[in-house]
Amino acid sequence: MKQVELSLHTIYQPSEDVVAREIEGEIIIIPLAAGIGDMEDELYTLNETGKMIWDRLDGRNTLAEIAAALADEYDAPLDEIERDVLGLIEELARRKIVVAQTE
Amino acid sequence: MVSKSTQKEYVRILSPSRFDPWHGKAPLLSHLDIELTERCNNACIHCCINQPEHDAELAGREMSTAFIKDLLQQAADLGCISVRFTGGEPLLRRDFTELYLFARRLGMRVVLFTNARLITPELAQLLARIPPGKMVEVTVYGMQAESYDAVAARAGAFAGFWRGVELLREHKIRFIVKQSLLPANRSEQAEFEAWALTAADMKDSPGYSINFELRGRRDNPARNRVIESLRFSPEESVALLTSRPGYVEEMQQFCAKFMGPSGDLLFGCGAGKGACVDAYGRAQMCMGLRHPDLVWDLHRADEAEAADMSPLKFVLTEVFPKWREIRATNPDYLQRCARCFLKGLCEQCPARSWQEHGDLDTPVEYFCAIAHVQARDLGLLDEGEKAWEVEDWRERIANFSNRKSET
Ligand code: SF4
Ligand code: SF4
């Protein structure tokens, strides 16, 4: 599958073509438009780390800022968190569930 | 750039069949059926619900757009993730697109039941751009203009249906088909089946309607007589069932699990565990059960407000559970159905009893006869035996189910 070039200095936000619902504490991502995700009727959920990052994709902060805030909040090594952020966004961007903000 | 070497699974795919966001617990409402209108642009001779397309009085009584949106929001708040829009012909509503998009934006997956005649290029484009997430289900009433139009009682109906289906195909919208088999189109079953497997997104052979329900509003005895005359006989019904691949194995598993008398409790089924809403905003325990004592007008907000709940939550938690406790009192039912081991197999139920007899607990002879023919065919009953008189039914079911290992 196609790899996506990511930069920590970019702002990503959930695509308008998906709906995210929290059900029983889990984020469920439901593709709305055609071409999102791998197959039309698939839904997606995120692991714990993914969910923490997703909650911060508010269209205001770059990935680096999100990683820094998380490292601070959870007192965790920044490089590890940055890897997690990029890992998640890579998976989501490849499926067009998140989109990069263009100025 | 990050490579895949992180090996962490941040995003998990939930395929619909394995989708269990509640971890085995049932949400209060996972699916909602909404009948958007009883009106239809077809006038099918076997239909249990259709009202005239242009009936302004009925259209005026239908739920408003705002009411339906509020209902969808209430459902989403209870955890609902899928909705079925049905009718009548749901596409007759001018606000269909608005309601569809509203439901999709709430994250609901949509099932649309339609005769396809009102699918326009614009609607097809919308469904292609924002797919239902579940399925468009088209019912077919014939493979030729002559047969289709005779069933739909509308000249030109077949041409409209065909155009609609072609639009779905052109726009690569996934849809499945089922056929109502009637005297006018029975000879086209093979043609339909061959077409269905190539035209639609069918994994298995299509489904058929053959045991048509009587009028759900009990509004027209003359039409009921017509519907009765169009039904497959019990023997024909069972012949169609047994022609399906894997039928016996399926029945062996089914019988081992679901057969046995249910006593005087009327709702051993799932009725009232979810909700259906009729075109006028009344909640029903199931689609066919329109007995006036067992429908709840969702416009009624007082009780729900007093309980600090949405009307939909109120009906699901305070109203339906009480109705599910209703017990049979009809001596005929108590003598027969309450003691009958074919209960799981038989289509007799409070909704059928309502449609046929206007109450909740009268055995329905047509379905009784089908269940008996089917049980005889499976070797569960001998000629002339009445299922409710059989005492060694457990043994019979065990013998039948165990035959599986020998096949
Ligand atoms: S198309 Fe469906 S709802 Fe309309 S009349 Fe025919 S069976 Fe009834
Ligand atoms: S087979 Fe007859 S007696 Fe048995 S449940 Fe059905 S209607 Fe009742």
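Ala, Val, Leu, Ile, Met, Phe, Trp, Tyr, Cys and Pro count as nonpolar, Asp, Glu, Lys and Arg as charged, and the others, Gly among them, as polar. On that basis, the shell around ligand 1 holds 4 nonpolar residues, 4 polar residues and no charged residue. The structure described here is a predicted model.

- Ligand 1 has around it Cys40(B), Asn42(B), Cys44(B), Cys47(B), Asn50(B), Gly88(B), Asn115(B) and Tyr141(B).
- Gly88(B), one of these residues, belongs to the loop that runs between strand S5 (82–86) and H3 of chain B.
- The peptide bond leading from Gly87(B) to Gly88(B) is cis, and its omega is near 20°.

**Surroundings of ligand 2**

- The shell around ligand 2 consists of Arg336(B), Cys337(B), Cys340(B), Lys343(B), Cys346(B), Gln348(B), Cys368(B), Ala371(B), His372(B) and Trp388(B).
- By class, this shell contains 6 nonpolar, 2 polar and 2 charged residues.
- The largest cavity is the space that ligand 2 takes.
- Cys337(B), a member of the ligand 2 shell, is touched by Asp332(B), as is Pro363(B), with residues up to four places away in sequence left out of the count.
- Asp332(B) lies in helix H13 (residues 331–335) of chain B.
- The C-alpha atoms of Asp332(B) and Asp361(B) are 8.5 Å apart, while the two residues are 29 residues apart in sequence.

- Phe367(B) is part of helix H15 (residues 365–377) of chain B.
- With a relative accessible area of 2%, Phe367(B) is buried.
- Apart from neighbours within four places in sequence, Phe367(B) contacts Asn211(B), Arg231(B), Cys346(B), Glu347(B), Gln348(B), Arg352(B) and Glu356(B).
- Among these contacts, Cys346(B) and Gln348(B) also belong to the residues surrounding ligand 2.
- Asn211(B) is 156 residues from Phe367(B) in sequence, yet their C-alpha atoms are 8.6 Å apart in space.

**Helix H4 of chain B**

- Helix H4 (residues 121–129) of chain B has the buried residues Leu123(B), Ala124(B), Leu126(B) and Leu127(B).
- These buried residues line one face of H4(B), because they fall within an arc of 160° when seen down the helix axis.
- In general, an α-helix has 3.6 residues a turn, so residues three or four places apart point the same way.
- Exposed residues Glu122(B) and Arg129(B) are carried on the face of H4(B) turned away from its buried side.
- Helix H3 (96–105) and helix H6 (157–170) of chain B are included in what covers the buried residues of H4(B).

**Residues with positive phi**

- Most residues other than glycine have a negative phi, and most peptide bonds are trans.
- Ala116(B), although not a glycine, has a positive phi of about 75°.
- Ala116(B) sits in the loop between strand S6 (109–114) and H4 of chain B, and is buried, with a relative accessible area of 0%.
- Ala153(B) also has a positive phi, near 55°, and is a residue other than glycine.
- Ala153(B) occupies the loop between helix H5 (145–152) and H6 of chain B, where it counts as partly exposed at 36% relative accessibility.

- Leu32(A) is located in the loop between strand S3 (26–31) and strand S4 (43–46) of chain A.
- Leu32(A) is buried, having a relative accessible area of 5%.
- Beyond neighbours within four places in sequence, the contacts of Leu32(A) are Glu16(A), Asp17(A), Val18(A) and Val19(A), together with Arg104(B), Arg105(B), Arg129(B), Ile130(B) and Pro131(B).
- Arg129(B), one of these contacts, is among the exposed residues on the face of H4(B) turned away from its buried side.
- Leu32(A) and Ile97(A) lie 65 residues apart in sequence and 10.0 Å apart in space, C-alpha to C-alpha.

**Gln179(B) in strand S8**

- Gln179(B) belongs to strand S8 (residues 175–180) of chain B and counts as buried at 0% relative accessibility.
- Setting aside neighbours within four places in sequence, Gln179(B) contacts Val140(B), Gly142(B), Asn185(B), Gln189(B), Phe192(B), Gly207(B), Tyr208(B) and Ser209(B).
- Gly207(B) is 28 residues from Gln179(B) along the chain, and 6.6 Å separates their C-alpha atoms.

Terms used. Residues numbered from 1 in each chain as written. Chains lettered and ligands numbered in written order. Predicted model: local features only at pLDDT ≥ 70, side-chain atom pairs only at ≥ 80, totals over all residues. Heavy atoms only, no water. Buried < 20%, exposed > 50% of the residue type's maximum accessible area, 1.4 Å probe, protein only. Helix = DSSP H or I, 4+ residues; strand = E, 2+ residues; numbered from the N terminus. Arc of directions from axis to C-beta. Contact = heavy atoms within 4.5 Å. Near = heavy atom within 4 Å. 1 Å grid on protein atoms, 1.4 Å probe; cavity = no way out; pocket = protein on both sides within 12 Å on 5 of 7 lines; lining within 4 Å. Sits in = over half its atoms within 2 Å of the grid points.
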